[in-house]
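The structure comes first, and the description follows.

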2 protein chains.
Amino acid sequence: MLQLVKIEPSSLADYASLVGEEEIESIRSLGRSLKGLRVLHLSATAYGGGVAEILARLVPLMRDAGIMAEWRIIYGSDEFFNVTKTLHNALQGADVALDEGRRAVYERFSALNAEAFDGEYDVVVVHDPQPAAVPALRERKGARRWIWRCHIDTSHANLGVWSYLKSFLLPYDAAIFTLPQYVPADSPFPRLSFIPPSIDPLAAKNSPLDRAEASRVLARLHVDPNRPLLLQVARFDPWKDPLGVIDSYRMVKIEVPTVQLVLAGSMATDDPEGWDYYERTLRHAGADYDIRVLHNLHGVGDLEINALQTLADVVIQKSTREGFGLSVSEALWKGTPVVAGDVGGIPLQVIEGETGYLVTGPLACAERVYSLLRQPELRSALGTRGREHVRQRFLITRHLKDYLELFGSLLTPSPTDPGKERLQ
Amino acid sequence: MLQLVKIEPSSLADYASLVGEEEIESIRSLGRSLKGLRVLHLSATAYGGGVAEILARLVPLMRDAGIMAEWRIIYGSDEFFNVTKTLHNALQGADVALDEGRRAVYERFSALNAEAFDGEYDVVVVHDPQPAAVPALRERKGARRWIWRCHIDTSHANLGVWSYLKSFLLPYDAAIFTLPQYVPADSPFPRLSFIPPSIDPLAAKNSPLDRAEASRVLARLHVDPNRPLLLQVARFDPWKDPLGVIDSYRMVKIEVPTVQLVLAGSMATDDPEGWDYYERTLRHAGADYDIRVLHNLHGVGDLEINALQTLADVVIQKSTREGFGLSVSEALWKGTPVVAGDVGGIPLQVIEGETGYLVTGPLACAERVYSLLRQPELRSALGTRGREHVRQRFLITRHLKDYLELFGSLLTPSPTDPGKERLQ
């Protein structure tokens with residue numbers, strides 16, 4: 001028996017005031033057409049990482065919509081998770097190989113998890129590579145439809161490792177990718193679906209914060225709530241270009257000497273390399289303490305990020321490579337305009353001149369930021385449109401709806417659906 | 001029953017080649033005179049922190065010497081350990097109060113631990129404030145002699161908190177402090193003993209490292225083993241003056257452009273304030289990557305510290321306030337001369353002109369360092385004497401001997417020993 005993850009109940013009704021009664025009713029109606037559908041989400045861990053964060057919020061809402069949704073996690077050892085970490089990195093394009101020994105570890109634990117799999121489901125959604133081999137090793141037994149949900153940008157996947165993994169992906173009826181450009185060239189899936197991620201407007205990071213309370217939070221972080229504030233929320237790595245953000249800030253500061261910059265990111269204590277770019281960022285900031293460099297080990301959590309995004313005059317996301325960049329939606333949801341790199345999922349969120357600006361170099365970034373700092377009405381107009389854009393496209397209710405629509409279409413196959421024949 | 005800490009056996013014989021057969025025989029002879037003595041070490045935790053590190057090495061050697069030594073730890077909750085952390089800070093001089101609520105927590109857990117105490121001992125050594133109230137709350141039952149081992153510099157203890165703690169310290173027969181200057185003015189103890197800490201020459205941090213192997217470790221840390229190297233191993237806080245060390249290094253670098261500086265310290269993930277000075281250090285280092293700032297979350301552990309101390313040309317310990325500063329002994333043990341602040345336990349280890357130099361400001365520090373860099377024979381002479389000094393005074397065998405001598409003198413009281421009357 002695979003371990004069941006306990007779910008805190010949650011209610012769609014709580015979202016009605018944000019997305020409208022009509023949207024909630026349309027979700028409920030989809031749910032009624034699938035009433036009692038037995039759905040399993042299968043993933044690697046119950047805590048830590050974006051996938052667990054999404055499932056913890058999505059599964060309860062799926063249940064509230066009438067689906068018999070459960071969430072289970074696979075068994076693994078340190079050794080297994082080291083192998084799947086390599087697998088993950090290779091799918092993102094790292095130049096690493098999966099030797100015989102590592103493949104044996106992956107297959108041994110996959111067989112164990114295939115054996116531990118129990119019960120009968122209508123749909124099983126398998127998240128990411130760690131549990132991906134389970135349906136192949138069970139010869140599809142235990143579910144009518146198998147979906148592989150890939151949260152990774154596999155557009156530049158290491159070919160050797162991808163071709164190894166692909167041998168286990170053949171039994172799937174469908175795959176979900178975040179964006180069309182993430183799909184590898186030789187995708188083996190009979191059906192593809194594209195579902196971007198989402199933010200939960202009721203989570204601590206995104207719920208409305210009183211401006212006075214937010215100001216107090218900023219003061220505790222030694223950020224002056226009464227001076228202009230630029231913010232980037234991102235890991236400290238070269239693809240987020242924190243050094244370029246500092247360069248842009250310095251150009252702006254020549255014109256606006258009171259401007260402040262906060263760079264906030266999360267640090268993993270088990271990732272020695274992660275420290276390197278954090279250190280470079282601090283050294284590049286040097287003696288300028290109007291640049292604050294913050295992370296979770298300082299005690300910066302959801303409330304602090306919320307307060308910073310709420311009170312920032314401009315949010316920057318100067319990525320040169322990006323998965324989806326959900327922190328852009330988080331900022332827009334708070335009515336803050338965003339100046340960001342034109343990569344990955346960012347252009348879906350930042351609509352040029354509407355919700356923010358797309359830039360490449362530090363100078364272009366500085367120009368847009370400076371121009372926004374000088375025009376409060378423009379900031380406010382972009383912010384209002386940004387919030388509305390996120391409300392329509394990137395809230396968890398839309399995410400849930402996409403899943404329900406996919407389940408429906410997979411279970412009422414058209415005559416040309418190759419998945420159907422295979423099931424006979 | 002208080003929880004027993006499992007001990008890995010260890011043998012005095014293994015130290016004979018380092019401290020001499022004669023010294024081992026003198027310890028064994030002391031052990032024979034106390035054969036079968038029932039000794040309990042009582043402390044707060046089995047892992048983490050200097051006290052646990054010392055006991056894990058000292059208790060097995062005490063057993064090998066013939067003492068029936070055990071080590072047990074007290075029960076506690078997060079709440080209790082938060083209170084004792086405040087107590088600890090106050091004893092070091094912090095301006096904090098222990099209100100009624102916190103005192104109640106301390107007393108509730110102390111009563112619980114006094115109740116859980118079981119067995120009959122000849123001597124119980126109680127380490128630091130966390131378990132300190134146990135003998136008072138048992139009315140001394142369970143042991144013939146109670147010793148309080150204070151590992152803290154209590155010379156500037158907060159008076160209110162000290163006077164509260166003192167009310168529980170009256171039943172002790174003796175106290176051990178690290179240095180005479182650590183004893184508070186109104187010590188309540190009938191007997192005082194002074195035992196400095198020690199290093200274990202067989203621990204991974206101190207065992208001999210092949211220079212080629214040490215060079216490979218340095219290269220992995222991006223330190224060039226072929227260029228002059230300065231090193232400070234210390235927490236990042238104002239009392240260790242890492243900014244002053246960087247200033248000294250910069251003065252030296254004008255004369256010796258190839259010189260490198262490594263600042264290595266450990267970071268606690270649960271101490272937000274600890275990050276502040278680490279950040280200041282990096283910002284002060286700025287773009288000079290000949291300064292390496294390393295910590296445990298980078299994967300810098302015992303082996304790396306050993307390699308750095310082994311290959312450094314000069315070790316600096318520019319403290320402005322210091323408990324004992326055992327990393328000075330660690331460096332001297334590797335034959336590396338030390339330039340250090342004249343505070344705390346440092347002058348016991350750094351003998352002026354013999355094993356290193358005592359300094360105050362950055363310029364004096366730079367002068368001594370520069371002069372040592374220019375004189376390899378002097379470095380070598382100081383290093384040789386430093387190792388011999390540590391061999392005689394700061395190895396774990398000396399530490400063990402001090403304990404055994406104290407046990408002996410406490411159990412064969414002189415006619416004037418006030419401890420005796422109290423026992424009648």
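Predicted model: local features only at pLDDT ≥ 70, side-chain atom pairs only at ≥ 80, totals over all residues.

## Relation of the two chains

## Interface of chain A and chain B

On each side of this interface the contact takes in 19 residues: 19 of chain A touch 19 of chain B. The size of an interface is often given as the accessible area lost when the parts come together. Chain A and chain B bury about 1,800 Å² between them, and carbon and sulfur atoms account for 52% of it. Of the area that chain A buries against chain B, 38% is supplied by Trp275(A), Glu279(A) and Arg283(A), more than by any other three residues.

Between chain A and chain B there are zero salt bridges by the rule applied. Polar contacts are found there, in six residue pairs with both residues at pLDDT 80 or more. Two elements of chain A, α10 (272–285) and β10 (291–295), each give two or more residues to the side that touches chain B. The largest share of that side is the eight residues from α10(A). Sorted by class, the side of chain A that touches chain B has ten nonpolar, five charged and four polar residues.

## Domains within chain A

Chain A is divided into two parts: domain 1 covers 3–198 + 396–411, and domain 2 covers 211–393. Taken over C-alpha atoms, the centres of domain 1 of chain A and domain 2 of chain A are 31 Å apart.

## Interface of the two domains

Eleven residues of domain 1 of chain A contact 13 residues of domain 2 of chain A. The area buried between domain 1 and domain 2 of chain A is about 850 Å², with 57% given by carbon and sulfur atoms. On the domain 1 side, Leu18(A), Leu179(A) and Pro197(A) lose the most area to domain 2 of chain A, together 40% of what that side buries.

The rule finds zero salt bridges between domain 1 and domain 2 of chain A. Four residue pairs, both residues at pLDDT 80 or more, are in polar contact between these domains of chain A. The side of domain 1 of chain A that touches domain 2 of chain A is made up of six nonpolar, four polar and one charged residues.

Definitions and conventions:
Residues numbered from 1 in each chain as written. Chains lettered and ligands numbered in written order. Heavy atoms only, no water. Domains from an automatic or database assignment. Contact = heavy atoms within 4.5 Å. Buried area = accessible area lost by both parts, 1.4 Å probe. Salt bridge = Lys/Arg side-chain N within 4 Å of Asp/Glu carboxyl O. Polar contact = N/O pair within 3.5 Å; in protein donor to acceptor, adjacent residues only side chain to side chain. Nonpolar A, V, L, I, M, F, W, Y, C, P; charged D, E, K, R; others polar. Helix = DSSP H or I, 4+ residues; strand = E, 2+ residues; numbered from the N terminus.
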